[in-house]
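I looked up one topic at a time and wrote down what I found.

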Amino acid sequence: MSNAKQILAMLRSQAEGDEEQFFSIALQVAAGEARQGHRATAEEIRAAVDAARSQRGTRASVPIAFSRPRGDLDNLLDLREPQIRLADAVLNRSVKDHLETVVVQQRRRDWLREHGKTPSRRLLFAGPPGSGKTMTAEALAGELHLPLFVIRLESLITRFMGETAAKLRLVFDEAQKRRGVYLFDEFDAVGSNRLATNDVAEMRRVLNSFLQFMEETSATDSVLVAATNHPSLLDRALLRRFDEVLQFEMPSADEVRAIIKAHLSPMKYPKINWKTVVAAAACLSQAEIVHAAEEAVKAAILSERNQISTADLTRELRKRQAMRTVFSEEQGHIG
Ligand SMILES: Nc1ncnc2c1ncn2[C@@H]1O[C@H](COP(=O)(O)OP(=O)(O)OP(=O)(O)O)[C@@H](O)[C@H]1O
């Protein structure tokens, strides 16, 4: 949008009393300035918008819901208001440490910027399906009091030349002007070095745009999370661009126990043999273990009990194991 059009849109939003739209266009102008290398002006506009927003915040008596993306972005971004915090996810020590770093740096980003430093904001979540990558992105957004935007890859990646890169630009522009956590799920679809064999040149262009946009976001405080089950598919040039790489793993024995305990409410569980339960959960993902615990609770409720036994849990965990076998046999069949 040209400056004249932006001024017109700002005047219109003011006439309609749409303050959020007004701020959003102001931030778009800031993003434009940042792209032209005018970082100080971009920062000044952003600071003015932040000040005006927080003034409005003190006047408001009820929390204001995050506003939905508009226009073309509506198809690309799925807005989720975070319902959880980091303490709700059961994570390994290394992932927790990385997240603590990000949270501290994001909370004290103004201080870091005053010293010419950029807070960590480009994160790669790598790990097996169901290990909590999406959940952790939501929890991180919750921790930072930010909206979570999930980028819909099926709308982003199209067959038409140049269109995917243009859509990516829309998403990154939004990240520049609206602070949030932006999650690119199944990121290997964008960042793969051997994807789209039918149009390698186009995927290269998309990847290059992605790399360029990653650099440009240095003036924003949005957090970019790319999640993948296949980190080895990612282009090396891309891997280097991330500030933090978080490796999600299959759950340890302690984690299995913690996940199950967190999902047994309202049941009591005085006599669980955890060794047996943990053994029955071998090779299951965090998500599968959550399902098994929830099913065990439902079965106990239906049989009008208020206690869960070791047998309840192992039965449900074994069911999950069996479902896994069926699934992998099916895949073997297809493959
Ligand atoms: N580490 C965890 N701690 C607690 N619950 C978890 C954890 N991981 C997964 N879960 C449960 O499983 C559900 C699905 O997990 P999630 O979608 O976050 O996994 P994922 O790694 O993003 O999987 P995928 O790669 O298939 O997208 C979560 O909503 C949560 O209920």
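The entries below go from the whole chain to the sheet, the domains and the ligand.

**Entry 1: the whole chain**
I noted first that this is a predicted model. I looked up the helices and strands, and the protein chain has 16 helices and 6 strands. I then checked burial: 33% of the 335 residues count as buried. Last, I took the contacts with a separation of 6 or more and found that 77% of them come from residues 24 or more positions apart.

In what order do the 6 strands of the open sheet stand? I read the order as 1-3-4-5-2-6, and the pairing is mixed. Strand 1 (77–80) and strand 6 (244–247) are at the edges. Each has a single partner strand, so one side of each is left without a neighbour in the sheet. From one strand to the next, the twist averages 20 degrees.

I reminded myself that strands of a sheet pair through backbone hydrogen bonds, either parallel or antiparallel. I picked one pair to look at. Strand 4 (residues 181–184) and strand 5 (residues 223–228) run parallel and are joined by 4 bridges. Across this pair I found Leu183 opposite Val225 in strand 5.

**Entry 2: a helix on the sheet**
Which strands does helix 5 lie across? Helix 5 (residues 93–107) lies across strand 2 (122–126), strand 5 and strand 6. I noted its angle to strand 6 as about 145 degrees.

**Entry 3: the domains**
I looked up the domain assignment, which gives domain 1 (3–59), domain 2 (73–247) and domain 3 (253–334). I then checked where domain 2 meets domain 3: 6 residues of domain 2 are in contact with 7 residues of domain 3. On the side of domain 2 that touches domain 3, I found 3 nonpolar residues, 3 polar and no charged.

**Entry 4: the ligand**
How many residues surround the ligand? I found 17, and the closest are Gly132, Thr134, Met135, Gln286 and Ala287. Two elements give two or more residues to this shell, helix 7 (133–143) and helix 15 (286–302). By type, the residues of the shell divide into 9 nonpolar, 6 polar and 2 charged.

Why does the ligand lie between domain 2 and domain 3? I wrote down that both domains give residues to the shell around the ligand, so the ligand lies between them.

Conventions:
Residues are numbered from 1 along each chain as its sequence is written. This is a predicted model: local features need pLDDT of at least 70, side-chain atom pairs count only at pLDDT 80 or more; totals for chains, interfaces and linings use all residues. A residue is near a molecule or strand if its C-beta atom, placed from the backbone, lies within 6 Å of it. Ala, Val, Leu, Ile, Met, Phe, Trp, Tyr, Cys and Pro count as nonpolar, Asp, Glu, Lys and Arg as charged, and the others, Gly among them, as polar. Domain bounds come from an automatic or database domain assignment. Two strands pair if DSSP finds at least two bridges between them. Axes are lines fitted to C-alpha atoms, for helices over the stretch in contact, and angles run from 0 to 180 degrees between N-to-C directions. Two residues are in contact if their C-beta atoms, placed from the backbone, lie within 7 Å. A residue is buried if 20 or more other C-beta atoms lie within 10 Å of its own, exposed if 12 or fewer, and partly exposed in between; C-beta atoms are placed from the backbone.
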